[in-house]
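User: Hi! I'm new to looking at protein models. Could you walk me through this one?

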Amino acid sequence: SWINPNRNSGSKAEIEKLILDATGASLLLWAPGVAGADITDYHIDSLARFVGPDSLLVQLPEEADPADPWSVAAYETHKMLESRLGSSKSGLVLNIVTEPLSPRIKSDDFVASYVNFYVCNGAVIMPQFGDSATDAEALSVIKALYPGRQVVTLNIDAIGESGGGIHCATHEQPASTGIWKA
C-alpha cells in the first residue's frame, strides 16, 4: 500500500528510505499483500502486530487455501518473517493466533482479525467474532502477551463489515518518555 500513486510517489527504494529515516528503524520488511484487493492491498494491522519490543503476533488461517489470496498472502508473510526474523539471532518471537473459522458475519468484505486490537491504559480491547473456539484461543493468547492488563472482548461486527477493526478505528497514544520537553 505504500507504493501506490494514491498514497505516495517515488520508487520502492525511495519510499523505504523515507520510512526508515522517519521511524529511525534500520530494517523494513515488505509483506506481499494482495494488490488491488482493498484500499490498503492487505491491512497489515489485521495480519501482524508488534506486541512488545521482541514479540510479534501473526494471525493465520488453519491452512493456506490456494484459491484465497488473503490466506496465501498471510502464509507468505509468515514465511518471510520466519526466515528473516524467526532465528535465534534476531531474538524476535513470532506468536500465532488462528483466524476465526465461523464468524457471525460471512461477507467477503468482512475483516475478522484478532490482531486488530487496541492497547490502552491497563487494558487491551480486542474483538470477538462469535466463533467460541477461536474467540477463546485468541483471548488466551492476548492475555498471555499482555500480562497485567485486563483484556476486554467486544462484538465489532459493524466495524468489520466496513472492512476495518478496533485498531483501524482507534490509535494508541504512546506514553511520554520524558525526552521531549515543551
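**Rings, sheet and overall fold**

Analyst: Happy to! The structure holds two aromatic pairs; rings of Phe, Tyr and Trp (its six-membered ring) pair if their centres lie within 6.5 Å, and planes under 30 degrees apart count as stacked, over 60 as edge-to-face and the rest as tilted. One of them is F117 with Y146, an edge-to-face pair with 5.7 Å from centre to centre and 80° between the planes.

User: Where in the chain do F117 and Y146 sit?

Analyst: F117 is in the loop between β3 (93-98) and β4 (118-120), and Y146 is in the loop between α3 (132-145) and β6 (150-155), so the pair links distant parts of the chain, 29 residues apart. Helices (H or I, at least four residues) and strands (E, at least two) are DSSP runs, numbered from the N terminus.

User: Before I go on, what kind of model is this?

Analyst: This is a predicted model: local features need pLDDT of at least 70, side-chain atom pairs count only at pLDDT 80 or more, and totals for chains, interfaces and linings use all residues. Residues are numbered from 1 along each chain as its sequence is written, and side-chain values use heavy atoms, with hydrogens and water left out.

User: Thanks! Are F117 and Y146 buried or exposed?

Analyst: Both F117 and Y146 are buried (under 20% relative accessible area, with exposed over 50% and partly exposed in between; 1.4 Å probe, protein chains only).

User: And what lies over the face of F117?

Analyst: That's R49, at 4.3 Å from the ring centre. A charge sits over a ring if NZ of Lys or CZ of Arg is within 6 Å of the ring centre and within 35 degrees of the ring normal.

User: New topic: in what order do the three strands of the open sheet come?

Analyst: The order is β4-β5-β6, with mixed pairing. Two strands pair if DSSP finds at least two bridges between them. β4 and β6 stand at the edges with a single partner strand each, so one side of each has no neighbour in the sheet.

User: How do β4 and β5 pair?

Analyst: β4 pairs with β5 (residues 123-128) in the antiparallel sense, over three bridges. Y118 stands opposite I125 in β5.

User: Last one: how many helices and strands does the protein have?

Analyst: Five helices and six strands, following the pattern α-β-β-α-β-β-β-α-β-α-α along the sequence. Of its 182 residues, 39% count as buried.
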